[in-house]
Structure formats: C-alpha cells, structure tokens
Amino acid sequence: MQGQGTDSAAETGLRDRKKARTRETIRTAALDLFEEQGFEGTTVDQICRRADVAHRTFFRYYPSKEALLFGWDFGNVILDAFAAAPADLAPWAALEHALIATGGRMEEPAEHTARRRALRLRFLGIRTVHDHALILVDSFAQRAVVIAGQRLGVDPATDLRPQVLGTALGGLIRRHIMVGSEEGLLAAWTAALRELTAP
C-alpha cells in the first residue's frame, strides 16, 4: 500500500513538472516573439508553432495572448494566503500576514519576470492589453471583497468594509501593473493608507 501511495505521488509530481515545462515553453516562445515583432504583430498561431504545441494546449494554459504578459496566477497567491490567515486576525492584519507569508509577490517568480514586466509596460497602450489588465484588477478586487466578507462574517452587499478593502487592493494591484515593480509597494501603500485615515 505504501508503495502505491509513493508511486501516485511521483506520478503527480511528474505531471506537475511537465505542466510547468509546457507553460514555460509557451511563455518563452511568446516573449521572444513579442520582442522580435511586437505584440500586435504576433499571433497565437505563431506562438504555438514556436513552442511546438497545439492550439488546444495553448488555451489549456493561457486564456488569451494578453495573459502571457501577466503572471499565470496573477495576484491569487496573495489572496489564497489572505483567505488562509489565522481567523482571529482583523482583515487588514490578515492581509499583512498574507503579504509577509508570500513575500508580497503578485506574480510567480521566474527568470523572465522582469522581461515580462518590461514588455507589459511597453504594450499597455494597446487596447486589448489595457482591457485585460483592468479585468485582472477587477477580478482581484472582487475576490478580495468576498474573502474580507467571509473573514468578517458579513454580507459585502450590505456592509461596506469588505468593499473598502477590495477597492484599496484593486488600487494596489493597478499601481503594480502600471509601475512594473513589487519592491516596497505594499509598505508604501500601507503607510499612505494609514496616514490618510489617521484622525
């Protein structure tokens, strides 16, 4: 029985590593093409050919070409940790706990992260990229509202506190997208919020 469990875990680990390699292959191919011929000049067909993957494989990992300019799990690492923070922490304290636990990362660390951010800043003026960014900001903020409501035991439709926190976090991630760096972002944002709300 123990051997079967070990085999199953090994197979799961192998599948996860294969998925990570495929995701990385697609992403690297896309970033190379974006640098070579621009975002609008690059098609999903070209990315698939460069990465040697089928269309269905591409869309299994990325919902669109625009998504390649953002981390594959954009913002969700922090929100997962926010949801899992100790129940006795107030929402803002739980958020700070989550940011410490995750190192404040909004995007998965990878060797191409700085390269991807530079390309994102370069292409933010393109309508589809800009719209994708706004969708991500809204999705992140709305999930934060839901988590804050659950932590407070309130309905966000009738209690404004989760909405206030979600709005603040939406502004934070929007700033991250526009500036292109995570360094010092949370500390500066927290200090500004505290100064603004101080009596």
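Predicted model: local features only at pLDDT ≥ 70, side-chain atom pairs only at ≥ 80, totals over all residues.
User: Which helices each supply at least two residues of the lining of the second largest pocket?

Analyst: The lining consists of W92, V164, L165, A168, L193, L196 and T197. Residues 160-179 form helix 8 and residues 185-197 form helix 9. The helices that each supply at least two lining residues are helix 8 and helix 9.

User: How do the residues of that lining divide into nonpolar, polar and charged?

Analyst: Among the lining residues are W92, V164 and T197. The lining divides into six nonpolar, one polar and no charged.

User: How many salt bridges does the structure hold, and which residues are linked in a network of them?

Analyst: Side chains of opposite charge can pair when their charged atoms come close. The structure holds seven salt bridges. A network of salt bridges links D32, E35 and R115.

User: How many residues apart are the salt-bridge partners E36 and R50, and in which helices do they lie?

Analyst: The side chains of E36 and R50 meet in a salt bridge, with N to O at 3.0 Å. This pair links distant parts of the chain, with E36 in helix 1 (residues 2-37) and R50 in helix 2 (residues 44-51). E36 is exposed at 52% relative accessible area, while R50 is partly exposed at 41%. The separation, from helix 1 to helix 2, is 14 residues.

User: What separates D131 and R127 along helix 7?

Analyst: The side chains of D131 and R127 form a salt bridge with an N to O distance of 3.0 Å. D131 is partly exposed at 28% relative accessibility, whereas R127 is exposed at 62%. Because D131 and R127 are four residues apart in helix 7 (residues 127-152), their separation is about one helical turn.

User: How many residues apart in sequence are the parts that the pair of F39 and F123 ties together?

Analyst: The structure holds five aromatic pairs. F39 and F123 form a tilted one, at 5.7 Å centre to centre and with 40 degrees between the planes. F39 lies in the loop between helix 1 and helix 2 and F123 in helix 6 (residues 113-123), so the parts tied together are apart in sequence by 84 residues.

User: Which residue lies over the face of F39?

Analyst: F39 and F123 are both buried, and ring pairs link F34, F39 and F123 into a cluster. At 4.2 Å from the ring centre of F39, the residue over its face is K65.

User: What kind of aromatic pair do F58 and F59 form?

Analyst: F58 is buried, with 0% relative accessible area, whereas F59 is partly exposed at 42%. Their ring centres are 5.0 Å apart, with 80 degrees between the planes. Since planes over 60 degrees apart count as edge-to-face, the pair of F58 and F59 is edge-to-face.

How values were computed
Residues numbered from 1 in each chain as written. Heavy atoms only, no water. 1 Å grid on protein atoms, 1.4 Å probe; cavity = no way out; pocket = protein on both sides within 12 Å on 5 of 7 lines; lining within 4 Å. Nonpolar A, V, L, I, M, F, W, Y, C, P; charged D, E, K, R; others polar. Salt bridge = Lys/Arg side-chain N within 4 Å of Asp/Glu carboxyl O. Buried < 20%, exposed > 50% of the residue type's maximum accessible area, 1.4 Å probe, protein only. Phe/Tyr/Trp six-rings, centres within 6.5 Å; stacked < 30°, edge-to-face > 60°. Lys NZ or Arg CZ within 6 Å of the ring centre and 35° of its normal.
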